[in-house]
Amino acid sequence: MWSVPPRTKRGPFPVGCFDVETPQNKAESVKGVLFRLYYPTTTASSKTPLAKWLPNPTFYSVGYGDFFKLPSWLSLGVFYPLAVRATIPAHLNTSLLSPSHEESLPKLPTRLPTIVFSHGLGGTRTTYSQVCCDLASHGFIVAAVEHRDGSATVASVNAYADKVRYRRVADEAPSEGDAYLLKERIKQVHFKDEEIGEVMEVLKSLDEGRDVENLMKAYAGGFDVGSFKGRFDFEKCCAAGHSFGAATALTSLSNQKRNFDCGIALDPWMFAVATDIDITKPFITIQSETFHWRENLDPIKKLLHSPHKNPATTFTIVRNTAHQDFSDFPYLFPTLSRRLKLGGSTDPHISLALYDEMIVKFLKG
């Protein structure tokens, strides 16, 4: 258990972000992926406006409404007024901070540790922007994926021209029960793991300075991705995620093709994680106080008691927190979150500070 005084200060670096969407290429078995990069940026960039929480408020407001089974007119009336004004602590389409020293900032290494973040059910690439921005402010590059397996609230395709709607797997074959649900969830986890593999290939292309076709280029404001050439440290690469995304992160961490050297599992939902999974690389799992039941904890215990477990693997529980405290909702929309009972009793500023401290300590330990 952790209990520390309130701390809201993030890392020393201002944060930038930009979106990347690659096209599908059936001939090369490429699905195409969409993700947002969060990274340390320049002090000059910190004077530009903050990025919107939802990059396309209408598109995602309707998506959230669909997730909550609301008609479009009502979801636009409920979510749009909230979301259109919400911002995140990152500046859109700014350059990655160079290794050269800025007097007001600590010196960055040339290559930065890289994290790929997978969202949970009903998430998007911006749902965990507070956690992602915190990590970027400490000198990490974070790629937050918007998955197209049907686990996102709604996923953009072709720069908002098309979409993948949220998939209600439990409603598809109720007569088959958990057997069908497990089979389809496992398919989704493997689909998401393949997307993470594609994201890594895109990051390698950016690192090598190769041209990346970006379908989100129209929204990039002429941003030059050249500042990312030679900046990713693929020897310090982390698979991360929350809930269903944490299940994906653990799956990717165990996949030798991905070459991750550590993992972050926030309230992992273990239902779709392979029962024979064995992870030899270190990971930290942070649990909320309320997300616990035997069928979910037993596979976590199995990993923690494995003879192959890395000694740096860490398990912790944060008191007075709930499953959605890892997301942006309790922080950005505290009144609505309290009414819907989405968060725990701990102030979300404190929860985020705790997660930030524990994760950074693990990654830099």
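This report walks through a few strands, helices, contacts and salt bridges of the structure above.

The model is predicted, so a local feature needs a pLDDT of at least 70 and side-chain atom pairs count only at pLDDT 80 or more, while totals for chains, interfaces and linings use all residues. Residues are numbered from 1 along each chain as its sequence is written, and side-chain values use heavy atoms, with hydrogens and water left out.

## A strand in the interior

Let us begin with strand β6, which covers residues 141-145. Helices (H or I, at least four residues) and strands (E, at least two) are DSSP runs, numbered from the N terminus. How many of the residues of β6 are buried? The count is 5 of the 5, so this strand is largely enclosed by the rest of the structure. Here, buried means under 20% relative accessible area, exposed means over 50%, and partly exposed lies in between (1.4 Å probe, protein chains only).

In a regular strand the side chains alternate between the two faces of the sheet. In β6 both faces are covered: Ile-141, Ala-143 and Val-145 are buried on one side, and Val-142 and Ala-144 are buried on the other.

Which strands pair with β6? Strand β5 (residues 112-118) pairs with β6 in the parallel sense, over 5 bridges, and here Thr-114 stands opposite Ile-141. Two strands are said to pair if DSSP finds at least two bridges between them.

β5 and β6 also belong to a right-handed β-α-β unit, together with helix α3 (residues 129-137). Right-handed means that, with the strands pointing away from the viewer, the path from the first strand over the helix to the second runs clockwise.

Helix α3 is also the place of Gln-130. This glutamine is buried, with a relative accessible area of 2%. Leaving out residues up to four places away in sequence, Gln-130 touches Arg-10, Pro-89, Asp-328, Tyr-331, Leu-332 and Leu-352. A contact means heavy atoms within 4.5 Å.

## An enclosed helix and a buried loop residue

Next comes helix α1, residues 57-67. In α1, 8 of the 11 residues are buried, so the helix is largely enclosed by the rest of the structure. The buried residues are Pro-57, Phe-59, Tyr-60, Ser-61, Val-62, Gly-63, Tyr-64 and Gly-65. What do the buried residues of α1 pack against? Their partners are α2 (72-83), β7 (154-157), β8 (162-165) and α7 (329-332). After α1 comes Lys-69, which has a positive phi, near 60°.

A loop can hold a buried residue as well: Ile-279 lies in the loop between β10 (262-266) and β11 (283-288), and its relative accessibility is 3%, which counts as buried. Apart from neighbours within four places in sequence, Ile-279 is in contact with Leu-250, Leu-253, Ser-254, Leu-303, His-308 and Lys-309. Ile-279 and Thr-251 are 28 residues apart in sequence, and their C-alpha atoms are 8.9 Å apart in space.

## Salt bridges

How many salt bridges does a search of the whole structure find? The search gives 13. A salt bridge is a side-chain nitrogen of Lys or Arg within 4 Å of a carboxyl oxygen of Asp or Glu. The table shows some of these pairs, with the relative accessible area of each residue.

| Pair | N to O distance | Relative accessible areas |
|---|---|---|
| Lys-31 and Glu-194 | 3.2 Å | Lys-31 27%, Glu-194 38% |
| Glu-172 and Arg-167 | 2.7 Å | Glu-172 37%, Arg-167 23% |
| Arg-210 and Glu-208 | 2.6 Å | Arg-210 45%, Glu-208 47% |

The side chains of Lys-31 and Glu-194 meet in a salt bridge, and this pair links distant parts of the chain: Lys-31 is in the loop between β1 (15-21) and β2, Glu-194 is in helix α4 (residues 177-207), and they are 163 residues apart. Both Lys-31 and Glu-194 are partly exposed.

Elsewhere, a network of salt bridges links Asp-19, Arg-36, Arg-125 and Glu-146.
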